[in-house]
Amino acid sequence: MLKASAEAACRKAELSVEVYFTGDDLGSQVSQIRAALESPDPASAFVVLATRDRGLARCVRAAARAGICWIYLNRTDDDLPPIREEFPDAAIGTVTADEVETGRIQGRQFRALVAPGGLVLYVQGGTRSAVARDRSAGMLEAVAGAPFEVSLLEGGWDPSAARDAIRRWLGIVAQGTVRIDLVGCQNDPIAVAALEALHDAAQSLARPDLARVPVTGCDGTPAVGQRLVREGTLAATVVLPNWGGAAVQAVARFLNHGEKPPPMTLVTPTSFPPERDLRGVAIAR
């Protein structure tokens, strides 16, 4: 989706674009970026979805040295202010979803879906990830003072690892009569893994109520998250905006008008279904 929106924005801005995909491999990403930077005819701008929170600072510095615009598509922990100070004319920015607001939306969904006295299991991606930390911070801010408990569990971004982590948690917490009211997850694949873990635990622990625990996710792509909500498989998700086009627009403004992108541009996510449709849904189970 990011690729499609970036390509559409490039056509509108009359810019050509080349797209590379390295999967979840920092080494391959660094190699491809370096090869592109060292090309006899390098690109005028790089728009990069970093595979890791750290590891591309040298590439950013090389781009800045060459006068090449650099836009991140996700927040990273690479220390960019010193690079901007070293290259004051460099165009270096980040265009991404407001992940703290993503977490706030999740927290407000919990408030709508969970009855007083309930328990929410919140399954995080890797806690070393800036995205996971921001979403957790926003969620905790939104549920502060809520009449229910939130238990945090690091599941990792891999669905199979998250499923195993949830199974272990359920094996400890759900042995008795503890009521679990909702499982909230930091992306939709983890939410699907949570559903699988709940169904497994319902059988192994002889607790059929676990198979009925609602689950929420995040990402909200039309083909996955939104479809699962429409089908009733997930209770809710958070739709992340498609910001690839916004990043290309920032590049176009720099190339055409010399307007440097701001250090951080945040695009607002939304609840699916809308938050107003979730109000009053909480039912004591």
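Two residues are in contact when heavy atoms lie within 4.5 Å. This briefing applies that term to a predicted model, in which local features need pLDDT of at least 70, side-chain atom pairs count only at pLDDT 80 or more, and totals for chains, interfaces and linings use all residues. Residues are numbered from 1 along each chain as its sequence is written, and side-chain values use heavy atoms, with hydrogens and water left out.

**Helix 7 and helix 8**

- Helices are DSSP runs (H or I, at least four residues) and strands likewise (E, at least two), numbered from the N terminus.
- The axes of helix 7 (residues 159–173) and helix 8 (residues 188–204) come within 8 Å and cross at roughly 40°; axes are lines fitted to C-alpha atoms, for helices over the stretch in contact, and angles run from 0 to 180 degrees between N-to-C directions.
- Helix 7 and helix 8 are therefore oblique to each other, a class left after roughly parallel (under 35 degrees), roughly antiparallel (over 145) and roughly perpendicular (65 to 115).
- In helix 7, the residues Pro159, Ala162, Arg163, Ile166, Arg167 and Leu170 meet residues of helix 8, including Pro189, Ile190 and Glu196.

**Aromatic residues**

- Phe46 and Trp70 form a stacked aromatic pair, 5.9 Å centre to centre with 15° between the planes; rings of Phe, Tyr and Trp (its six-membered ring) pair if their centres lie within 6.5 Å, and planes under 30 degrees apart count as stacked, over 60 as edge-to-face and the rest as tilted.
- Phe46 lies in strand 1 (residues 45–48) and Trp70 in strand 2 (residues 69–72), 24 residues apart.
- Trp70 and Tyr72 form an edge-to-face pair, 5.7 Å centre to centre with 80° between the planes.
- Phe46, Trp70 and Tyr72 form one aromatic cluster.
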